Amino acid sequence: MKIEEIKTLGDLKKSGYTSRTIKEELRDNLKRKIQNGEPTFEGIHGYEYTVIPEIERAILSRHNINLLGLRGQAKTRLARLMVNLLDEYIPVVEGSEINDDPLNPISRYSKDLLKEKGEELPVSWMHRDERFFEKLATPDVTVADLIGDVDPIKAANLRLSYADDRVIHFGMIPRANRSIFVINELPDLQARIQVALFNILQEGDIQIRGFKLRLPLDMQFVFTANPEDYTNRGSIVTPLKDRIGSQILTHYPEDIETARQITAQEAALDDRQKELVHVPELAKDLLEQISFEARDSEYIDHKSGVSARMSISAYENLLSTAERRALKKGEDHTMLRFGDFLGVIPAITGKVELVYEGEQEGAAFVATQLIGEATKSLFPEYFPKIEKLKKPDEVTPYDDLVEWFFESSGFELPDDLSEKEYREKLDSIKPLEDLVNKYQPDVKEKDRYFMKEFILWSLVEYKKLSKKRFSKGLQFKDLYGSYISGL
C-alpha cells in the first residue's frame, strides 16, 4: 500500500508496517548504506578516516553522541546530516503533540483516542525533514523550555485541576519524540538544566512540577561542545557525560587540499563573480595556508581555534576585492592579484581571538603577518629556498632581481591599475620573467603575473626587498638602498 492510502491504524496494520525505535532505524539505514558503498555524510571533507567512522560506530552501537571540538569543525553540520539516515516517512497519531507511534502510543491523548477509535485511529505521515530539532544552549534556557511545565490556561479552558496530567504543556524534547534532538554548546547549559536530562537519557521518564510521567521517549540525542578548557562559561556535568554513549573528537583539515574543498563548497559566490575573476591555484593554496599559520601563531589563542569560516569569508572577500576593481575600471574580466590579499584582512580580524601579545600588536598587524608567513611557507615549494645566511661572493638565483631594485628608485604597484597596465608594470621587471621561466616554466599564462607578485612578496618576507603601503597601492624597494638613501 502507498502511504497516502494508509489513513487509519487498521490500514497501517494491513500494510505490514512494523515499528522501530529511532536508533534501530538509524542503525538499519546506515548498515544498508555501508553495504551498498553509499556515502553516509556527503559534503563533509577531511573526516573520511577519522570522525565519520567513529560516528558510524556510535550509530551502530545505538549511542547518544557528543561531538567535541573547536569552532568551525562541522559539528552541527554532521548532526544535521544524520537526518539522511532516517526513513523517508513514519506514521504518527494524527493530532499527537509528541508524534506518537500508532502501534505503540505513549501519551494520554493518543491512548484515550485509541480507546475511542480503535482500528479507526487516524494516522498521518511525518517526513524525515520534520524529525530534526535543534536548540542552542544559552544560560537562560529553562527546564520548562526543554521538558515542559503546567499550563494554567489549558487547565482553565479544560476545567481541570493542576493534579491532572492533561494540564501539562510539553517542552521541546517531548515534542521531538521519535526525532533527532541536537543541543549545541552543551557546556553553556546551566548545571541544574543538565541534571534534568538524566532521566530522559537513562530511565525514559520525565518529571514536571511533581508529575512523574512514564514517557519512554524515543530519541536520538546529539550534543556539541567546545573543549571544556576553552571557556569559563560552564562544563558538562559528570553524570551527564556518563550517560552519553560516545564522545567523538572533531578536528580541523589536516592538509591544504581538503581545506580548499571545504572553502570551494561553502563560499557564497555567484556564477558571474566566478566568471569575472580568475583565481590561480597558488592563490587558493595561499588562502588556506593563512589558516594553518593562524593555528600555529603565537598571537592567537589556540584554545579558541581558527574556524574554517575564516577561510570561507576570506575567499569571498578576496574575490570581492578583485571584482570591485574590475567594476571601477569597467572591465568584464580580471585576474586575481597578490595585492588583493590585503582585502581579506577584515575577514581574518573578525575570526580570531588574540592572546595578550596579539592584542598589543593589534588585529590588523597580526592578520598582515599571517599573510606574510603563509607566503614564506609556500615559497620554497615553487622557487629555490632563500637561506638566512649568505656566504661571501655566493651567487643566488635572486641576485639579478635584487640588483634591479638596487639600481632603480623603487617600483610602485597601484591598486587600481587596469589589467593592461598591471601586466606592463610587472613585465618591466625582466629578472622576474626570467625566474618564472626558469623555475615555473609550465605555469599557465593567466597565472604568471600572480606568480611574479608572489616572488616580490616572498623576497620582502625573506628580507631581500622592502615593501611599503601608500594610499593608492604598494611600493617595493631595495632593502639596503632604502636605508642608505634615508627614504
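A cavity is a set of points, on a 1 Å grid over the protein atoms alone, where a 1.4 Å probe fits but cannot get out. By that test, a search of the whole structure finds two cavities of 30 Å³ or more. The model is predicted, so local features need pLDDT of at least 70 and side-chain atom pairs count only at pLDDT 80 or more, while totals for chains, interfaces and linings use all residues. Residues are numbered from 1 along each chain as its sequence is written, and side-chain values use heavy atoms, with hydrogens and water left out.

**Largest cavity**

- The volume of the largest cavity is about 60 Å³, a volume being the space filled by probe spheres set on the grid points, which are joined across faces, edges and corners.
- Its lining (residues with an atom within 4 Å of a point) consists of Pro253, Ala259, Ile262, Thr263, Glu288, Ser291, Arg295, Ala308 and Ser311.
- At least two lining residues come from each of helix 12 (256-266), helix 14 (281-296) and helix 15 (308-329); helices (H or I, at least four residues) and strands (E, at least two) are DSSP runs numbered from the N terminus.
- Four nonpolar, three polar and two charged residues make up this lining; Ala, Val, Leu, Ile, Met, Phe, Trp, Tyr, Cys and Pro count as nonpolar, Asp, Glu, Lys and Arg as charged, and the others, Gly among them, as polar.

**Second largest cavity**

- The second largest cavity holds about 30 Å³ of space.
- Phe41, Ile55, Ile65, Leu67, Leu78, Ala79, Met82 and Val222 line the second largest cavity.
- Strand 1 (65-68) and helix 4 (75-81) each give two or more residues to that lining.
- By class, the lining of the second largest cavity has eight nonpolar, no polar and no charged residues.

**Gln220**

- Gln220 lies in strand 10 (residues 219-225).
- With a relative accessible area of 1%, Gln220 is buried (under 20%; exposed is over 50%, partly exposed in between; 1.4 Å probe, protein chains only).
- Beyond its neighbours within four places in sequence, Gln220 has contacts (heavy atoms within 4.5 Å) that include Ile65 and Met82.

- An open sheet of three strands runs in the order 14-16-15 with antiparallel pairing; two strands pair if DSSP finds at least two bridges between them.
- Strand 14 (411-414) and strand 15 (465-470) are at the edges with a single partner strand each, so one side of each has no neighbour in the sheet.
- Strand 14 pairs with strand 16 (residues 473-478) over four bridges, and Glu412 stands opposite Gln475 in strand 16.

How values were computed:
On a 1 Å grid over the protein atoms alone, a cavity is a set of points where a 1.4 Å probe fits but cannot get out, and a pocket is an open set with protein on both sides within 12 Å along at least five of seven lines; lining residues have an atom within 4 Å of a point.
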